[in-house]
Amino acid sequence: MTDDTENDPQDAIDSESQFRPEELDDRIFEHGAGDEQEGIPFVGAGPGDPRLLTVAGKELLEAADLVVHAGSLVNSELLAAYCAHAELVNSIGKNLEELIPLMRDAYESGENVVRLHSGDPAIYGAALEQMDALEYEGVPTYFVPGVTSAFAASATLRTQLTLNEVSNHVAFTRPQGKTLTPEEDHISDFVEMGDVTTCIYLGTHAVRDTMDRLLEDDHDPETPVAVIYHASWPDEDVIVGSVGDIADKVEQAGYRASALVVIGDAVTGTGYERSFLYGDWANRGASSETVSETEAGDD
Ligand SMILES: C[S@@+](CC[C@H](N)C(=O)[O-])C[C@H]1O[C@@H](n2cnc3c(N)ncnc32)[C@H](O)[C@@H]1O
């Protein structure tokens, strides 16, 4: 830890990465997710609808003096409802060298600072690097989870992401691009597995490329796909189709960002079998305490 304002955030990341495996952070055992803690909370705003913010998140925002938020990814109605009294700073277009001193200085001068991410900060949120840089400068931080957009999308679609005998797994992924090389893009592998619901973040602009690659890899063009634009926002829109035709439909609608692409049979909510939990296990008279989650699951 140091008072130097010129710290390179990469040094902070490297330092935290080096010490993290050697000594587990005591706070892991002292606090549960949802506990209010000392430091700057990294709060998940949820997918858009202010009512999908957690109670913990709402309380922290209402007590904040400074809210650094994820710009247009956070619904301005949520900011108006819970942050009217706070100074608001849009993080879009600011680098770590600007954001870290801004949050650190406010925190050290006694302000309640909240870092507000869209959805859940742990999913494509680039939160940990900010937290490591702050911790390196002596400012404690912690996560407050939020509803990730895949969960809003499944609610909109009125289906489950896991569905007995249809989908046993969920992949949160993103397509190749500036961040991922073609070799790191595993969308085709997930689709190949068959019983995976593949939720693609940051891929609205790349729907055609993604579908073209799936077709090149000989995936069934009839595989169901849904694209949920702005899930839970007032202008939410849903486009349903298949690997073979979804790209045309998305281009026709004109969406280039802010949508979640969901691939797999669970999209349709059909073809599933009744579960063990409310079938064989219940028939054996097992109480909920004696049916372990490994045996029955939740579905
Ligand atoms: C930088 S990532 C942040 C994800 C966020 N942390 C989460 O948990 O949802 C932004 C991407 O999330 C997806 N996304 C965020 N909010 C969404 C919403 N309300 N509806 C659909 N997709 C959304 C889009 O794919 C968008 O490109």
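This is a predicted model: local features need pLDDT of at least 70, side-chain atom pairs count only at pLDDT 80 or more; totals for chains, interfaces and linings use all residues.

- Eight residues from domain 1 and ten residues from domain 2 make up the contact.
- On the side of domain 1 that touches domain 2, you will find five nonpolar, two polar and one charged residues.

**Around the ligand**

- Which residues come nearest to the ligand? Of the 25 residues around the ligand, they are Pro47, Gly119, Thr148, Ser149 and Ala231.
- Domain 1 (9–147) and domain 2 (150–268) each give at least three residues to this shell.
- Helix α7 (149–157) and strand β10 (259–263) each provide at least two residues of the shell.
- Sorted by class, the shell has 13 nonpolar, eleven polar and one charged residues.

**Helix α6 and its surroundings**

- Find helix α6 at residues 127–136; its buried residues are Gln130, Met131, Asp132, Ala133, Leu134 and Tyr136.
- What do these buried residues pack against? Their partners are the helices α1 (9–22) and α5 (96–108), together with the strands β1 (40–44), β4 (113–117) and β5 (141–144).
- The axes of α1 and α6 are 8 Å apart, and the two helices pack at an angle of about 90°. The pair is therefore roughly perpendicular.
- From α1, the residues Pro9, Ala12, Ile13, Ser15 and Glu16 meet Glu129, Asp132, Ala133, Glu135 and Tyr136 of α6. This contact of α1 with α6 contains five nonpolar, one polar and four charged residues.
- Just past the end of α6 comes Gly138, which has a positive phi of about 90°.

**Helices α9 and α10**

- Now look at helix α9 (residues 207–216) and helix α10 (residues 246–253): their axes come within 9 Å and cross at roughly 175°.
- Are α9 and α10 roughly parallel or antiparallel to each other? An angle over 145° counts as roughly antiparallel, and α9 and α10 are therefore placed in that group.
- Val207, Arg208 and Met211 are the α9 residues in this contact, and they meet Ile246, Ala247, Val250 and Glu251 of α10. By class, the contact has five nonpolar, no polar and two charged residues.

**A buried loop residue: Val243**

- Val243 sits in the loop between β9 (237–242) and α10.
- Why does Val243 count as buried? The cut-off for a buried residue is 20 or more other C-beta atoms within 10 Å, and Val243 has 20.
- Glu222 is 21 residues away from Val243 along the chain, yet their C-alpha atoms are separated by 6.1 Å.
- Beyond its neighbours within four places in sequence, Val243 is in contact with several residues, including Met211, Leu214 and Leu215. His219, Asp220, Pro221, Thr223 and Val225 are also among its contacts.

**An exposed loop residue: Ile92**

- Ile92 belongs to the loop between β3 (87–90) and α5.
- Is Ile92 buried or exposed? Ile92 has 9 C-beta neighbours inside 10 Å and so counts as exposed.
- Leaving out residues up to four places away in sequence, Ile92 touches Ala70 and Gly71.
- Phe143 is 51 residues from Ile92 in sequence, and the two are 20 Å apart in space, C-alpha to C-alpha.

**Positive phi without glycine**

- Ala126 is not a glycine, but its phi is positive, at about 50°. Look for Ala126 in the loop between β4 and α6.
- Ala126 counts as exposed because it has 11 C-beta neighbours inside 10 Å.
- Leu202 is not a glycine either, and its phi is positive at about 55°. Leu202 lies in the loop between β7 (196–200) and α9.
- With 19 other C-beta atoms within 10 Å, Leu202 is partly exposed.

Terms used: Residues are numbered from 1 along each chain as its sequence is written. Axes are lines fitted to C-alpha atoms, for helices over the stretch in contact, and angles run from 0 to 180 degrees between N-to-C directions. Helices (H or I, at least four residues) and strands (E, at least two) are DSSP runs, numbered from the N terminus. Angles under 35 degrees count as roughly parallel, over 145 as roughly antiparallel, 65 to 115 as roughly perpendicular and the rest as oblique. Two residues are in contact if their C-beta atoms, placed from the backbone, lie within 7 Å. Ala, Val, Leu, Ile, Met, Phe, Trp, Tyr, Cys and Pro count as nonpolar, Asp, Glu, Lys and Arg as charged, and the others, Gly among them, as polar. A residue is near a molecule or strand if its C-beta atom, placed from the backbone, lies within 6 Å of it. Domain bounds come from an automatic or database domain assignment. A residue is buried if 20 or more other C-beta atoms lie within 10 Å of its own, exposed if 12 or fewer, and partly exposed in between; C-beta atoms are placed from the backbone.
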